[in-house]
Structures are given as C-alpha cells and as structure tokens.
Amino acid sequence: MNRFARLLDRLSYEPGRNNKLRLITGYFRETPDPDRGYALAALTGALSFRNAKAGLIRELIASRTDPELFALSYDYVGDLSETVALLWPADKRATNSPPPPTLTEVVATLNTLGKSELPAQLARWLDELDETGRWALLKLVTGGLRIGVSARLAKTAAAALGDKDAHDTELVWPGLAPPYLDLFAWLEGRADKPVNRDPAPFNPVMLAHAIEDSDFASLDPAAFAAEWKWDGIRIQAVSGRDENGDLVTRFYSRTGEDITGAFPDLVTAFREPAAIDGELLVLREGRVQTFNVLQQRLNRKSVTPKLIRDYPAHLRAYDLLSEGGKDLRELPLIERRKRLESFVAKLDDPRIDLSPQIAFKSWDGLAAARTDPSSAGAGDDTEAVEGVMLKRRDAPYVPGRPKGQWWKWKRDPHIIDAVLMYAQRGHGKRSSYYSDYTFGVWTKGDDGDMLVPVGKAYFGFTDEELIEIDRFVRRHTIERFGPVREVTHEPDQGLVLEVAFEGLARSTRHKSGVAMRFPRISRLRWDKPPRDADRLETLERMLKAEGEAVS
Amino acid sequence: MRAHDILMPGPGGLYCKPGDFYIDPVRPVARALITHGHSDHARAGHGHVLATQETLDMMRLRYGETFAGSTQAIGYGESVTIGKVTASFHPAGHVLGSAQIAVTCGKTRIVASGDYKDARDPTCMPFEIVPCDIFITEATFGLPVFRHGDAAGEIDKLLRSVALFPERAHIVGAYSLGKAQRVIALLREARHDAPIYLHGAMEKITRYYESRGIDLGDLRLAKGVAKADLAGTITLAPPSSLNEVWSRRFPDPVAAFASGWMRVRARARQRGVELPLVISDHADWDGLCATIAATGAGEIWVTHGQEDALVHWCKTKGLAARPLALVGYGDEDEENALPTTDTSSA
Ligand SMILES: [Zn+2]
C-alpha cells in the first residue's frame, strides 16, 4: 500500500502526461502481481466496495485528537482525508507489529468486510501506514481518488509495459477483471492475448470534440449528419448469449461502469444480441423529462416499483456497434445508422426509439435548428435538447476522441450579471483562496431594491481571476461567519460577476424561488456598477421561456 | 517586576524597558538585539546592533557596511549587562549564527527564541534548551498537521527522482539563507558528489557559509552552462525563480521545493511544485511542544504563525499562554509567494 501511495502522491503533483505515463509504467514494472493489478483497477475505477462516509473518518480522528486542534487543522488543510492522514498520531506500536498492509490485502478486506467492522479495520490500517499511505487509503475508501489520471491513461501506461498501443488494451479490456494477471502476463510476453469471454462486453466509447466557431470554415455540411444532443445520460446497452444460449443484457455508463441494476424495467426490452449506443431518458406520456427529473431516478440505493412507475426509463438509440454477434464498428456511420433503424423497428418496443436526425443544408441552417429545436423536429422534447451532435457520415466507430469525426455543439448558455455577496474558502488546492461565491440579483424589497441570493459558483474563472476576486474579497469584507465572508454589495460598490448557467428551475429551497443548473463565473465585470446587474424578473422571464421545469 | 514590565510587544517589536532595547525590531531603533540574519528579523538602520558574529556578517552582506551605527559581536553562552537587565545568547539551531536571547531581570528570566528548530542541521550549532520562566516561541508550524519527519528521507526522494528522470534538470526552490546550504550539505551526506548548481542570488551567502568552515563540495553557477549539460543535475534557486523565465534555461525542469509548508498539498500545488520536499528550518508541532515543556517555563508567549492552536495546547497542559500580536515577521519561504491564507500572513 505504501508503494502505491507513493505513486499516487507523485502523480498528484506531476502535470505532464508523458511523465505521468512513465511514473505509472515504472510502478507496474517494479511491483509484483497481484498488487499492480489492483493498482490498475484503482486507477481505472474498476474497484467497487462500499465506500466509507466522511462522517466515519471524522469519528475516527475525533477518538484520537483534541477536537479544537482538529478543527483548526482541517480549516487550514481544507481536505478531510489529508488532514486525518497528517494528524493521525505517530505509530507507537511494538517494532515486531505486523507490516503495513499491501494494496491487495486492503482491497480483499474491503470487499468482504461487514459495515460494522469497517471503523476498527480502518483505524488499524491507519496505525500501520505512513502518512502518504494513510492519505492514499482514505482517498481510496472514501471514493475520492482524483489525481488527474484517466482510466485511459492508466491503460496506456500498462500497454507500454509490453510496447503495446493503448488501443490493444482497450479491445481486450472488457473481458478482464482485477487483478488482471492474464493482461500483465500477455504484456510481459509470458502468455497469449487474453480472450474476451463476456457475452455482453462493454465497447470503449467514441467521444466528440466541442466545436468552436472557427472550426466550421473547414467543415463541409454535406459530409456530416446531425442529431439532437439529449440532456440525459449516455449508456451502452449490450446483449449477448452466454454458453447456455441465454440472453444476457447489460447497461454500461460511458466509462464502462455496469449500471444494469439501476434499470430493471429497461432490461426486458432487449430480445436480440446487439450493442446500442444511446441516451437514457425518463419519458412521461411520450415526452422527454428534464435532467432534474432523471436525477430523481439516479443515485437511489434501491429501485422500487414506485420509482419505476414515476420515472420510467427509456433508451433513445443513436448508434449500433454490433448486431447478432457481428462487429459493425468498422462500417461508416450511414451504414450503421441504416441497420440501427431496422433493428429498432424490429424490436418495436415503446421503451426504445430512434434519435432523429436533423435535416440541414448549411451551417446557418443547423444553427437555426439549434437555436429553436422545436421548429426543427424536436417538438415537445425541446426542453431536453442540450445542443446538436455532428457526426461524419463516413466515420467508423473509433474508441476515444478521434480528431474531426464527432463534434458537439451546445446551445448558448444562459447568462446574467449578478453581484457577489458572500465568499467562502475553497477546499483542497484552493483552501487558501476565497473561491466559492454566492451571488445575487436585484429585487423589490420593503424599502427599495435589495439583492437576493440566486446561486453559488466555484468555477469558470481563470487562476488570475481567482487571485483578483480573492483580493477583492479580503479587502471588502464586511462580516465574517466562520469560513464565510460577506462582502460589500451596494448599488455603487461591489463586484459584478457574469454568470453563465445551463438551465433554471423553480425551487422552494431558495429564497429567490429559482435554482440554476451548473452556474459558473464566465467573466468579471469590474467595469459594471452593481446597480446595473440583472433583476430577479429577468430570471423569472427565462424560467417561463423554459416551460416551467419543476425541481 | 512583572514579566511584561521587562519585555512588552509593541508596534516596533519586542521592547525591553529596563534595558531600553528592542529584540528584532521591525523599524529603526537606537539599540537592537538581533536573533538571526533573516531579513524579517534583521533589518537595517538601527543605531547599535548586538548579535552573533555570523548574524552581523550576514547583515553586512545584505545591507552593506553602513547597515548600523555601531555593532557588537557576542558569542553563544556569553552575556552582557544592559541597563537593569542581563542578556545572553544561545544557539537556536535555525540557521548559521542564529540565537535565542535570554533576558534576565532580578529573578525573572524570559527567553525570546526568535526562529528555532530542534532538528539536526549540519550547517549550524544545535538548538539548546535554556530554562526560563517565560518562553517566547514562534509558531510558524504551530498545527499538529506539521510533522517534518527526517530530512534525509526527503533528500532520498529527490535523488530517486533524479535517477528516474536523468534527462531532466531538478531545480530545488529553497530560501537563500540557511535552507539552501542545509539542502546542499544533506545531499553531500547522502553521497551525491556531482557538482551542484546555484542561482546567482545564492552565491554570496553560500560562499560565506563555506568561509565559516562548512564544506559544501563542488558548487557552480548555473549561469552560462549549456542547457544539455544541466540534464540530470540539481540546482538550488530562490523559490520565486521556479516559475520564472530563468527556469527556461533548464531541460524540462522538475520544480522541487524544500519547505515545511510542503506538508500540505494545497500549498505545494498552489505554487506549481512537482516535487515537494518537507525540509524545514523551523520546529514542527512536536518540536514546539517538546521544547515548550523542556524549558520548564510556566508562561508561554506565542508569536508569528499559527498562534491559536499552540496557545490552546499550552492551556490543556496547564500552562499560562497568550498570543503576542507582533507584526512584521513572516515565514521567509513566503517571499514573492502567491496570496497566502489569513493565518500564515499574520
Ligand atoms: Zn528565520
């Protein structure tokens, strides 16, 4: 575990992709099986055990330290796992105590451990590990292992062990499971290439680039097909026959996570071996619901009959990767589309339909459709349209983000000017900056205009802007509440933030009555006096235009 | 006489009324006693300065011959009578020549420790416990998350990185006075015998260390060396130069930083550090607590740093403790740093 921890520690500071690859490959080379396999699993997100909650970690540290010293330390460090790792009292056990656990031991134990045994086990490990080990362990068990390494990068690093291409590992990956003994044996030339035996394996997904205005000039509209970009979650529905001839159906997230268990109501819609790429949506009376509604269906521990009834799952299909066991990914998009159309027609199930293509002749025409989807075929589902997708008609289905094949073109985000009201210190990297901002807009109060908070944002700005806002906050604090500072927000004194967001919904939890989706700071308006910021009425109007989504 | 009639904090620094002098004053005064050569403690323009020979030499190097009206050198363990008090100087283990100043008046002894560390340092005299009634302690790393561990382990981490990336240059950000020479000395102890390169700003002070009998091996200026020749080498540079144009003369440099602050990830990342090295010239939390207990002082005054936590700890141990609201002392590592937290800039 300490060796894996040192790798994570080093990776967390290393900005360069190639240097990250070298660090990971170096680790794979030096670390024996099965530890390196579990490390690969941890880096690719393939480990699944019950995560420990932050509350448990707090209880553990409370039993070992003075609460006041913990509070001061946490406030300073800003990250719970790191604070606990640093604060945990030094090892005072006998010198012949057991050695620190290996990563394999940690993973194996977590997989079988009962919930009630977890606290004592964690405390034991924290005693045994060094600081970096404690930090890595806590990140691992709380599910917060974010160190800037994608699953793709980790697989590429593994591939490099055998001078293989990342693509080679991706293709065999679906049938593999931690600790990947067969993969490492193949990469080190000790065994044949692993065979993918899963009857319904995940196919690494093809992703799109965000399109910029300047890209259009070099693109020929005739070479592209366009579809709506739906505001749901992208899934891959794969069906295949196992050795008994029974049909196995699995749903995967775009990262390959098996999420079949969350949608039992959709599984029965599949009757033939195939792999469909599509959008998971909630449909009521044939109408696509907003992402807010879909969210009610996600993140639930158990899927109850009532949940299924109230939030019926639906698949809107846009691509066919295989059919009847035949891989179609090398075919051009137009060919796959034809087969998809006939496959969906053959299934003839109300829970599955086709994502329609948008007819357009020029980029201007498509821009008009994107601005007003309802008049371009999206009809009642306009609310659930996030933008449009452009796909080259002759493009094969290539895992990853190949250049120039698929593009996403989002609808313009909503923008308002709001006034900074409160700022809070960030966490982690930003623990020494005021980086979480609550902003408000004007509304009529009992005595004249007043600002009412409408949202909170903590990203969108550059590092330079962060420093500027932080300086503004420190110089214009009028009140402090713990980690929060209230800053000057008068009609002629204060900071105006241009806030971009994805959508609006009514909210009873917010004093203003509205809630924003994905708000972010798009610009600092030092030039604008707060009195010229937007009013709540503007948001009300936008909300009406959005068709009164309820959250 | 009560303690704060002997020494009291004021806007100019710690003032001793019965001796009419200041310790580490932050503005020009008639008579100053200086603990050590760092710029936030040793300022120019005082009438008379009493300090160790090394501290006086460092002030002369930084400010020129006319840094004070007159000077007087004092050795460790020596004492002088000034007005109604006696002042004596004792090793602080912080940097070459650094001292704690004990002020005795009648039966009461107050020790102003300046900056100190109880960890091993091959470039200066080890810290010495001075029994006293009141101990004035710094609190730069006055939080229990700061445990500095063994500096040799961090040097090992640096050398392992040099071995892993032989085509890259390693630039170690370190404060020019003290930290840089300690890192070099530790590298030599770890048998790294290759030439070590210096940023120009470090040359004068490093050569001064050598002139005091501290062997630092083959040192060269990075200036003028061909880029390719810097692959696989280690260069010491002021922390602020890590992200400057200056660093572009190195092949794909790894930005390392030797500082106690490197214990906290956010601090390291904020500065774009890729290889944090936890090497500190200040006592860590355990060092602060152990030192406070060992002095036998019944009252603790806490200054510059994380006063709250240390004052709280003292009280849980039954010691009278209070923060001294002294301003003007920062952590020397923070020169030219990004905006810092409230707590550390206080
Ligand atoms: Zn100092």
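Pro179(A) lies in the loop between helix 11 (166–172) and helix 12 (181–187) of chain A, where helices (H or I, at least four residues) and strands (E, at least two) are DSSP runs numbered from the N terminus. The model is predicted, so local features need pLDDT of at least 70 and side-chain atom pairs count only at pLDDT 80 or more, while totals for chains, interfaces and linings use all residues. Residues are numbered from 1 along each chain as its sequence is written, chains are lettered from A and ligands numbered from 1 in the order in which they are written, and side-chain values use heavy atoms, leaving out hydrogens and water.

A cis peptide bond, with omega about 5°, joins Pro178(A) to Pro179(A). Tyr180(A), in the loop between helix 11 and helix 12 of chain A, has a positive phi near 60° although this residue is not a glycine. Most residues other than glycine have a negative phi, and most peptide bonds are trans. Tyr180(A) counts as buried because its relative accessibility is 2%; buried means under 20% relative accessible area, exposed over 50%, and partly exposed in between (1.4 Å probe, protein chains only).

Helix 7 (residues 103–112) of chain A has the buried residues Leu103(A), Thr104(A), Val106(A), Val107(A) and Leu110(A). Seen down the axis of helix 7 of chain A, these fall within an arc of 165°, so they line one face of the helix; the arc is that of the directions from the helix axis to the C-beta atoms.

Chain B holds the donors of the zinc ion: His36(B) (NE2), His38(B) (ND1), His94(B) (NE2) and Asp115(B) (OD), lying 2.2 to 2.3 Å from the metal. Donors are N, O and S atoms within 2.8 Å of the metal (3.2 Å for Na, K and Ca); water is not among the atoms, so sites may look incomplete. The 4 donor atoms subtend angles of 87 to 169°, which makes the arrangement irregular. Four donors count as tetrahedral if all angles lie between 85 and 135 degrees; four count as square planar and six as octahedral if opposite donors are over 155 degrees apart and all others between 65 and 115; anything else is irregular. His38(B) is buried, with a relative accessible area of 0%, and His94(B) is buried at 0% relative accessibility.

Chain B also contains an open sheet of 6 strands in the order 14-13-15-12-16-17, with parallel pairing; two strands pair if DSSP finds at least two bridges between them. Strand 14 (219–221) and strand 17 (275–277) of chain B stand at the edges, each with a single partner strand, so one side of each is left without a neighbour in the sheet.
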